[in-house]
Amino acid sequence: MNNFLEKTLEDIIMSNLGKMPSKGLDIFYKNTVNQISFNTCIADIFTWEEVDDVLYCRIIELKKDCVDESAFWQILNYKFDLFCFISKNYKNIKDIKIELILIGSSFNDNIDLVSSYTGLRLYKYEYGVDGIIFNKKDCWFSDKVIIENYEYAILNKIDIPNRNSFTDNVIKLARGKI
């Protein structure tokens with residue numbers, strides 16, 4: 001759908017919060033707002049609930065297309081800003097639990113790997129004649145896959161590049177190269 005925008009996705013979610021669990025998106029706490037500003041950034045959707053002086057939060061970033069590493073860094077920045085803001089302004093909170101959720105129409109392989117090692121949750125959306133549907137993306141990258149890929153690379157004398165980005169370092173770490 002060419003005219004489908006990130007803002008459209010946000011509007012659909014926010015105006016149908018009660019219906020989202022039946023659409024595969026059961027991630028909202030008691031309080032939910034959109035376009036909330038934390039220090040230096042604006043999150044698409046923020047949901048939270050306080051239980052026994054513990055603040056449970058979810059920061060949700062929407063992407064109309066493919067979710068990649070830049071979305072990961074963006075939402076990680078939101079987490080840092082939120083943590084600093086809460087720590088500074090809400091002294092009665094004993095603990096803060098912040099979950100990060102990225103929603104997009106597809107994912108590149110690196111974000112899939114990063115989600116495996118950071119606890120980042122990924123949801124894919126599909127918008128069609130019957131409306132919108134969300135599917136939680138299970139991580140495909142397991143220890144078994146890491147070992148098999150590493151063994152394949154060694155047996156076939158494939159050089160695993162030694163690049164210096166965070167994602168590549170996670171991959172190298174997972175493959176036992178660091």
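Author: Helix α2 (residues 69-89) lies across β1, β2, β3 and β5, and its direction makes about 155° with that of β5. Axes here are lines fitted to C-alpha atoms, for helices over the stretch in contact, and angles run from 0 to 180 degrees between N-to-C directions. Helices (H or I, at least four residues) and strands (E, at least two) are DSSP runs, numbered from the N terminus.

Reader: Before we go on, what kind of model is this and how are residues numbered?
Author: This is a predicted model, where local features need pLDDT of at least 70, side-chain atom pairs count only at pLDDT 80 or more, and totals for chains, interfaces and linings use all residues. Residues are numbered from 1 along each chain as its sequence is written, and side-chain values use heavy atoms, with hydrogens and water left out.

Reader: Fine. How many helices and strands are there in the protein?
Author: The protein has five helices and eight strands. Read from the N terminus, the order is α-β-β-β-β-α-β-β-α-β-β-α-α.

Reader: What order do the strands of the open sheet take?
Author: Six strands make an open sheet in the order β1-β2-β3-β5-β7-β8, and the pairing is mixed. Strands β1 (31-38) and β8 are the edges, each pairing on one side only. From one strand to the next the twist averages 30°. Two strands count as paired if DSSP finds at least two bridges between them.

Reader: In which sense do β5 and β7 pair?
Author: β5 and β7 pair in the parallel sense, over four bridges. Gly104 stands opposite Lys124 in β7. Helix α1 (residues 6-14) also packs on the sheet, where it touches β1, β2 (41-51), β3, β5, β7 and β8. The direction of α1 makes about 145° with that of β1. Touching, or contact, means heavy atoms within 4.5 Å.

Reader: And what about β7 and β8, parallel or antiparallel?
Author: β7 and β8 run antiparallel, joined by six bridges. The two strands form a hairpin with two residues between them. Tyr127 has Ile132 in β8 as its bridge partner.

Reader: Switching to charges. How many salt bridges does a search of the whole structure find?
Author: The search finds six. A salt bridge is a side-chain nitrogen of Lys or Arg within 4 Å of a carboxyl oxygen of Asp or Glu. One of the six joins Glu99 and Arg58, with the closest N and O atoms 2.8 Å apart. Glu99 lies in strand β5 (residues 95-104) and Arg58 in strand β3 (residues 54-62), so this pair ties together parts that are 41 residues apart in sequence.

Reader: What else does Glu99 meet in a salt bridge?
Author: Glu99 also meets Arg121, at 2.8 Å from N to O. That pair links distant parts of the chain, with Glu99 in β5 and Arg121 in strand β7 (residues 121-128), 22 residues apart.

Reader: Where is Lys63?
Author: Lys63 is in the loop between β3 and β4 (66-67). Its relative accessibility is 18%, so Lys63 counts as buried. Lys63 forms a salt bridge with Glu61 (3.5 Å, N to O), and Glu61 is buried at 2%.

Definitions and conventions:
Buried < 20%, exposed > 50% of the residue type's maximum accessible area, 1.4 Å probe, protein only.
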